[in-house]
Amino acid sequence: MAWDMYQERILDHYRRPRNFGRLESADLTGSESNPLCGDHITLELRLDSARERLEEVRFSGDGCAISMASASMLAQRIQGKPLTEVSQVRRTDVEAMLGIPLSPVRVKCALTPLKALAEALAGTRTPLTTSEAPGTETPGVGESPP
Amino acid sequence: MAHPSPARPEAPASATVSPPGGRGVGGCRRDFPILSRTFGGHPLVYLDSAATSQKPQRVIEVEADFYRRLNANVHRGVYALSEEATEAYEGARARVARFLHARDPAEVVFVRGTSEALNLMAEVLGRGPLKEGGRILLTDMEHHSNLVPWQLVAADRGWELDYVGVTDDGELSPEDLDGKLTRGTSVFSFTHVSNVLGTVNPVPALAARAREVGALTILDAAQSAPHLPLDVQALGVDALAFSGHKIFGPTGIGVLWVRKELLETLPPYQGGGEMIMEVTRERSTYKDAPLRFEAGTPNTAGAVVLSSALDYVEHLGYDRMAHHEQGLLKEAWEGLSALAGDDLTIYGPPLSRGHVGVLSFSLKGVHPHDLATLLDAEGVALRAGHHCAQLLMRRYGVSALSRVSYGPYNDAEDNRAFLQAMGKVCRLFQRP
């Protein structure tokens with residue numbers, strides 16, 4: 001199963017992440033870390049003048065192929081979309097976008113960008129809920145021994 | 001003592017197939033039942049002994065035997081069984097004292113592990129000699145368990161914390177030691193062997209310098225205990241801690257050794273049964289060390305099993321283990337370099353300067369987490385992450401590293417499986 005995760009599509013997003021970088025001035029920002037591996041992703045969003053649509057999406061940070069591909073695909077997916085639509089993105093959408101088998105440990109990597117997005121939207125009129133996603137917290141996968 | 005003992009003539013970890021039953025130090029691989037497991041059709045290639053060692057059959061049997069024959073509470077009953085259990089527990093203490101070359105078994109406190117030992121030291125120093133303040137010197141190569149306990153107490157006691165930096169080669173910065181291990185330092189707490197870099201710190205010299213400036217020395221020996229003989233007299237430190245589970249013993253048992261003159265001045269750690277002389281409504285009086293530091297029913301079985309694990313280590317012999325493990329490290333180092341060339345970075349000092357137990361590396365363009373996932377699919381268990389050493393990760397500008405670590409049961413076949421899987425990973429991630 002593990003080798004199946006690393007399909008060329010995933011590796012391509014990992015090597016050439018889309019929407020990678022920083023925004024000069026962001027309206028919304030969200031960050032999320034994965035304590036297991038020390039990965040972190042920051043998502044920066046710029047809104048249009050009506051503050052209803054994501055005009056520009058950028059992500060930065062450092063992570064494994066799964067989390068970076070997930071961030072790259074998510075950024076592509078939400079750029080240019082109205083906030084009302086963006087706030088409807090769910091865990092299942094991310095999993096479908098990646099389209100690969102994910103072990104419980106690696107699901108956390110896949111969902112790190114979505115959590116960053118949820119944080120970015122938390123203060124807005126269109127928050128994103130990740131609470132409907134049971135299993136995003138994997139018990140016993142905290143800081144492991146040396 | 002800081003460096004692996006000179007090689008003793010022994011079967012080299014050659015690339016030829018070992019004879020059946022001849023794998024590991026003296027063929028010891030057969031002593032470890034877990035190593036015959038398979039994962040996804042692949043035999044387990046266990047390269048994470050720095051996280052925890054596997055357990056030999058004879059040690060596993062001692063645990064079962066304890067509960068079959070010896071189980072009773074210690075230091076309490078007057079009946080024969082309790083006396084036998086007490087004898088076994090105190091016998092284990094004496095065994096640990098012998099293992100460490102301690103002058104007196106009363107210097108040995110049983111704890112849950114190295115983390116608890118270091119928490120204990122920080123806590124009792126904070127309620128005792130360093131109640132009014134102090135300066136604690138740590139290093140950037142410490143495991144979180146030798147950082148966080150000091151930070152916790154420092155916040156309460158107003159202690160000043162300082163850190164000795166690490167060179168590019170993974171050794172303690174000599175300039176920082178000169179500038180920071182100075183008069184006014186109360187405690188210098190540092191690791192014997194780095195769990196990331198494999199660095200062997202020159203403990204006797206560091207302890208001597210600390211003594212000159214009037215600082216107590218506490219040694220985290222969690223990573224050294226499985227690889228280097230520990231002699232507290234030669235090391236010259238005031239306290240030392242190690243964990244049973246990293247040295248073929250069970251989890252939940254560890255050792256804190258403290259020089260008697262210091263231990264006797266320290267207040268109790270936790271309160272409870274076993275540690276008291278007399279309890280009244282107003283106050284209690286406490287037993288002498290070491291029982292003063294062992295509140296509640298101890299991990300009796302753990303202590304007894306640990307003593308059998310120490311027997312096992314000495315049966316294998318540190319010289320033979322060092323020779324064997326250094327051979328495996330060298331082979332992996334060369335194999336990885338040949339595979340990945342300039343894309344590979346290995347952290348820590350070169351083997352010639354003392355580098356023990358672990359090999360941490362990064363591979364350009366391949367995240368450690370992905371690497372570990374793919375190797376796992378080949379039956380190879382290695383560690384990826386920050387290794388509970390975030391100060392080091394920051395020092396080297398990485399968020400995570402991959403790490404292989406060896407035990408006496410590993411052999412050239414393990415390395416071959418590891419390098420073969422690494423080859424597959426390199427090919428997968430190679431730019432098209």
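Reader: Leaving aside neighbours within four places in sequence, which residues is A:Leu45 in contact with?

Author: This is a predicted model, where local features need pLDDT of at least 70, side-chain atom pairs count only at pLDDT 80 or more, and totals for chains, interfaces and linings use all residues. A:Leu45 is in contact (heavy atoms within 4.5 Å) with A:Leu23, A:Ala26, A:Asp27, A:Leu28, A:Leu54, A:Glu56, A:Val57, A:Ile78, A:Leu117, A:Ala120 and A:Leu121. Residues are numbered from 1 along each chain as its sequence is written.

Reader: Which residues touch the most other members of the largest nonpolar core?

Author: A:Leu45, A:Ile66, A:Leu117 and B:Phe418, in a core of 72 residues. A nonpolar core is a set of buried Ala, Val, Leu, Ile, Met, Phe, Trp, Tyr and Cys residues joined through side-chain atoms within 4.5 Å. Buried means under 20% relative accessible area, exposed over 50%, partly exposed in between, with a 1.4 Å probe and protein chains only.

Reader: Where does the largest share of this core come from?

Author: Helix 6 of chain A, with ten residues. Helices (H or I, at least four residues) and strands (E, at least two) are DSSP runs, numbered from the N terminus. A second, separate core has 67 residues, including B:Val74 and B:Leu401.

Reader: What about A:Ala122, buried or exposed?

Author: Exposed, because its relative accessibility is 51%. A:Ala122 sits in the segment after helix 6 (104-121) of chain A. Its C-alpha atom is 9.9 Å from that of A:Ser87, 35 residues apart along the chain.

Reader: Switching to strands. How many bridges link strand 2 and strand 3 of chain A?

Author: Eight, in the antiparallel sense, between residues 39-47 and residues 54-62. Two strands pair if DSSP finds at least two bridges between them. A:Leu43 stands opposite A:Phe59. The hairpin has six residues between the strands, and there A:Arg51 takes a positive phi near 55 degrees.

Reader: And chain B, what is the strand order in the open sheet of four?

Author: The order is 13-14-17-16, with antiparallel pairing. Strand 13 (344-347) and strand 16 (383-385) are the edges, each pairing on one side only. Strands 14 and 17 share four bridges, and B:Leu359 stands opposite B:Val404.

Reader: What is the mean pLDDT of chain A?

Author: It is 87, and 88% of the chain's residues reach 70 or more. pLDDT is the predictor's confidence in each residue, from 0 to 100. Over residues 132-146 of chain A the pLDDT is below 50, yet this stretch has 35 contacts in the model beyond near neighbours in sequence.

Note on methods: Chains are lettered from A and ligands numbered from 1 in the order in which they are written. Side-chain values use heavy atoms; hydrogens and water are left out.
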